[in-house]
Each structure stands twice: as C-alpha cells, then as structure tokens.
Amino acid sequence: MADIDKPDLCVIGGGNAGLRLAMRARALGASVILVEPEPMGTERRASAGIALGALTAAGQRAQQLRGSAVHGIAAVEPKVSFRALHDHVAARAAEIARDHSAERCAALGIAVVAATGSFRDRKTLVAGERLIRARRFAIATGIELVPPAIPGLTDIDYFTPDTIVDNARKLSHLLVIGAGPVGLALAQAYRRLGGAVTVVDAGTALPGVDPEFADLALRRLREEGLDLRDETRVTAIKARGQGIGVTLQTPDGEQALDISHVLLATGRQPAIAALDPDKAGIRHQDGALQLRQDLRTTNPIVFALGGAADPAYEHQGLDRQVEAVISGALLGRSQRYAAELVPSLVPTDPAIASIGLTEATARQRFGTRYRVTRAAFAETDAARAAAQSFGTARLITDPAGRILGASIIGSGAAELIGFLAFAAARGINAGQLADFAAPYPALAELIGFLGKSLAGDAADAGRRRLLAFRRRLP
C-alpha cells in the first residue's frame with residue numbers, strides 16, 4: 001500500500017500561479033507538495049508570459065521609427081531580424097526559468113512530484129505512485145486550448161499565443177482567429193514588424209471591453225493596416241504546397257483568402273479535465289469551475305487560482321489571488337477576492353486598462369446616481385512634449401465620491417490604472433485625488449486632474465464665498 005502524504009497544502013500545477021502560491025505558503029512555514037507533470041524550469045514554460053510583452057515592445061519600437069518625423073528625425077522603415085528577436089525572447093525566458101526550477105523549489109523546502117494529479121475522492125489526490133491527502137488543495141493547472149472544429153485545421157501547423165514565441169522568421173501573411181486582447185496585441189505586433197495580418201472573429205472584437213474605448217483602439221489598429229473582420233468565421237482550411245488557403249463566411253457571403261500562417265487565439269479554458277473533478281465533488285460547467293468569492297470550489301478544502309480560476313485573466317491579479325487562498329486555506333480566514341478591483345489590460349497600442357464598472361454597468365446598477373469625470377492626455381505637458389496626446393482617462397464615482405470604476409486608453413494606461421486601483425481598494429475618496437502630486441512633466445498628472453475636476457465645483461464655491469466675505473473686510 002502506498003504511503004499517504006499529508007501536507008498542509010498541495011498545489012496542483014507548477015506554472016506562475018502555482019509557484020507563487022507554493023513559495024508564499026512555504027514562507028509562512030506550511031508544508032507544501034507541488035504536483036506538476038511537465039519539467040519545471042524550462043524556457044517554454046517560462047516564456048509564454050513574457051513573449052507577448054517582448055513582441056509588442058518590438059512592434060512599438062518599429063512603429064516609432066516609422067513615425068519619428070514628428071520629432072524632426074528622419075523616418076525609416078525598420079529592418080527586422082526575427083532570429084534576433086527570437087533569441088531576445090529566449091534569453092528573457094531563460095532568466096525567468098531559473099526562478100521556476102525544481103531545484104529552487106527543493107531549496108525552499110517545497111516537495112515536487114513529477115506526475116499528473118487526479119482526484120480519487122473528495123480528500124485524496126493520486127499523483128503517480130503517491131497518494132496525497134492534504135489539509136487543503138489548490139488548483140493552479142492553468143489553461144488549455146480547445147481548437148474549434150474547422151475542417152483542415154489539423155492538417156496544418158498552427159500557432160497559439162504560447163507557441164508563437166518559437167517563431168524565428170517573418171510571417172508574410174498571418175491569419176489570427178480570435179479578436180480578444182491577446183489575439184489583437186499579437187496581430188498588431190506582427191503587422192508592425194512588416195507582415196500582412198488578417199484578424200477574424202465570429203463575434204465582435206474586444207468583447208466585454210468598454211465600447212467607446214474599444215472603438216477608438218480598433219480604429220487605430222485598422223489605420224495601421226490591420227485587416228480586422230467582425231462576424232466572420234473560418235469554415236475551411238486547405239494546406240497547399242506553398243501557403244494555406246482559407247474559406248471565410250462573412251456577413252456578405254463566402255470569401256477565399258490566401259495566407260502563410262495561422263494563429264489560434266480563441267478557445268482557451270481551464271485545464272481541469274485530467275483532475276477528474278467530479279470525484280472530488282467539484283462542480284464545473286462548460287469547462288469553468290464554480291467558485292465562491294474566496295476562490296473556494298464546491299469542495300470546501302479545494303481552492304483555485306490563475307487561469308484555472310479565470311482563463312481571461314490568467315496573469316492578472318495573481319498576488320491578490322494568492323493572498324486570498326493563503327488566508328482561506330491556511331489561516332482559516334475567508335477573504336474575498338475582489339476581482340473588480342484588479343486592473344484588466346488590453347495590451348494593444350493604444351492600450352486599454354480598466355477596473356470596476358463601465359459606464360453602461362454603472363447606469364444599470366445606479367441609474368442616474370453616478371458621475372463620470374474625464375481627463376485627456378492632451379492636458380498634460382508630458383503628452384504634448386512626446387507628441388502622444390491621444391488618450392483619455394475616465395473615472396466613475398457615486399454621489400459620495402466612492403470610485404465605482406475607471407478606464408484609461410492611451411500610452412501608459414497600464415501604469416496609470418494602478419493608482420486608481422489602489423485608491424479604489426483603499427476606499428480613498430475620488431476628490432482626494434486632487435492632492436496627488438506627480439513629478440513634472442509626467443502623464444501621472446492625469447490622476448490629479450481627475451480629482452480636481454471632481455472636487456473643483458464644491459471647493460471653488462466655498463472659496464468664492466470666502467473671497468466675497470473678505471472683500472467686505474477693511
């Protein structure tokens with residue numbers, strides 16, 4: 001009979017989310033077993049998280065060269081070495097891989113089991129020859145791709161957002177299936193790096209993103225030459241001696257398209273099938289786990305985080321997720337994971353970053369009892385000096401000044417939204433943002449502008465009364 005391991009915590013999955021949780025739990029003195037079937041510390045496992053950032057940064061640099069004439073510098077068409085770009089991404093991945101290795105886990109006292117885990121019952125996980133009956137379990141298995149049923153798709157070698165990092169050559173005409181944030185960001189990067197790119201989506205681009213800001217971003221992408229087609233499905237793929245033939249079903253009828261490569265950026269869902277969650281009493285529907293607000297599953301000793309909890313935001317809000325799981329699983333204190341206070345990001349250029357409610361959801365929930373305050377990037381000297389005045393910040397508050405939501409579109413949106421997320425999480429009144437002091441010149445002046453705009457009317461009314469009173473004094 002196999003020995004039964006009884007750690008304080010068993011983490012299932014050795015990706016970014018699982019490692020963060022395991023290391024945090026171990027730092028508190030908990031005994032931890034981490035179950036992961038794939039080799040840890042490899043560049044492939046580490047590279048997926050930074051590939052998008054590296055590719056979009058390269059595309060942005062190329063676009064800056066094309067548009068440098070506005071600064072009095074001769075514009076040039078960049079020459080791109082995809083081999084050098086590939087090597088750059090691989091080098092950054094190697095740096096991260098060292099922190100993800102099994103050796104580092106062992107040095108920290110985390111026991112790594114190299115096997116696929118599956119539940120035998122509500123309290124037991126089977127991992128290879130080992131039985132694990134932990135006090136608490138955490139599912140951090142990430143996401144998996146569920147390819148759409150397109151005839152001919154299996155006859156070609158297609159990319160995914162995780163595997164396109166391996167590409168080391170120019171893609172002459174890339175077809176991106178799926179117009180979500182990741183698909184569009186990669187599409188824009190490869191367009192800027194010199195290739196033709198077509199993006200198709202059976203629905204609309206950027207679903208769930210604030211419609212006003214989504215329209216602004218999509219307009220800019222089309223201006224850069226991205227061929228973006230909504231309500232368009234790929235109905236057939238034909239491998240050829242050279243290139244790939246694709247049949248599209250569009251609102252105007254059937255169309256044929258010749259391309260060189262395919263990027264599948266849709267159909268991602270939590271990778272939970274191998275766990276056999278039903279045996280553990282873990283409910284799920286359409287591939288998604290049913291979770292409480294503290295990230296606990298329907299089995300009270302099993303939690304989930306990362307892509308297993310929400311594939312749309314696999315890499316966002318991990319620190320808060322880790323703390324919520326630590327609190328509930330190890331400390332016995334149920335802690336709500338406030339997903340609405342975690343910034344979401346569309347990493348295109350312009351980027352869109354947001355927290356909380358959109359104006360539409362605020363209207364549904366509060367009727368007319370909310371206020372929208374705006375500040376334009378063009379109001380800051382930093383944006384004017386950099387010739388990057390495109391952009392808007394929008395703040396949504398209730399009558400008492402509580403922050404209900406915020407959205408920012410433009411360069412630097414990812415950094416700026418952090419200030420507003422912090423203010424919302426700490427319950428800081430939006431009017432107090434008027435006291436925010438940013439260095440000069442800096443885009444962060446927008447934070448103060450929003451606060452001054454919100455608090456300005458009441459403050460100025462009081463000052464006008466004071467001035468009128470003082471005029472009557474001798």
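## The largest cavity

In this predicted model, the lining of the largest cavity has eight nonpolar residues, two polar and no charged. The volume of the largest cavity is about 60 Å³. The structure holds one cavity of 30 Å³ or more.

Which residues line the largest cavity? They are Ala 51, Leu 55, Phe 82, Leu 85, His 86, Val 89, Ile 164, Val 165, Asn 167 and Tyr 190. Helices H2 and H3 each supply at least two residues of this lining. Helix H3 spans residues 82-97. H3 gives the most to the lining, with four residues.

## The second largest pocket

Rolling a probe the size of a water molecule over the atoms shows where empty space is left. Open space is the next topic. The second largest pocket holds about 460 Å³ of space. Its lining is made of 19 residues. Nearest the centre of this pocket lie Gln 64, Arg 220, Asp 349, Ala 387 and Gln 388.

Which helix gives the most to the lining of the second largest pocket? Helix H2, residues 43-66, does so, with three residues. By class, the lining of this pocket has ten polar residues, five nonpolar and four charged.

## Helices H1 and H7

Two packed helices are described by the angle between their axes and the distance between the axes. Helix H1 covers residues 16-27, and helix H7 covers residues 318-329. The two pack at an angle of about 50°. Their axes are 10 Å apart. Because of that angle, H1 is oblique to H7. The crossing of H1 past H7 is right-handed.

Which residues make the contact? H1 brings Asn 16, Ala 17, Arg 20, Leu 21, Arg 24 and Ala 25. H7 brings Leu 318, Asp 319, Val 322, Glu 323, Val 325 and Ile 326. By class, the contact of H1 with H7 has seven nonpolar residues, four charged and one polar.

## Two cis peptide bonds

Asp 349 and Pro 350 are joined by a cis peptide bond, with omega about 10°. Where does Pro 350 lie? Pro 350 is in the loop between strand S21 (344-346) and strand S22 (352-356). Asp 349 is also one of the residues nearest the centre of the second largest pocket.

A cis peptide bond also joins Tyr 440 and Pro 441. Here omega is about -10°. Pro 441 sits in the loop between helix H10 (413-425) and helix H11 (445-471).

## A positive phi

Leu 206 is a residue other than glycine with a positive phi. The value is near 50°. Where is Leu 206 found? Leu 206 lies in the loop between strand S11 (196-200) and helix H6 (211-223).

Definitions and conventions:
Residues are numbered from 1 along each chain as its sequence is written. This is a predicted model: local features need pLDDT of at least 70, side-chain atom pairs count only at pLDDT 80 or more; totals for chains, interfaces and linings use all residues. Side-chain values use heavy atoms; hydrogens and water are left out. On a 1 Å grid over the protein atoms alone, a cavity is a set of points where a 1.4 Å probe fits but cannot get out, and a pocket is an open set with protein on both sides within 12 Å along at least five of seven lines; lining residues have an atom within 4 Å of a point. Grid points are joined across faces, edges and corners, and a volume is the space filled by probe spheres set on the points. Ala, Val, Leu, Ile, Met, Phe, Trp, Tyr, Cys and Pro count as nonpolar, Asp, Glu, Lys and Arg as charged, and the others, Gly among them, as polar. Axes are lines fitted to C-alpha atoms, for helices over the stretch in contact, and angles run from 0 to 180 degrees between N-to-C directions. Angles under 35 degrees count as roughly parallel, over 145 as roughly antiparallel, 65 to 115 as roughly perpendicular and the rest as oblique. A crossing is left-handed if the near helix is turned anticlockwise from the far one by less than a right angle, and right-handed if clockwise. Contact means heavy atoms within 4.5 Å.
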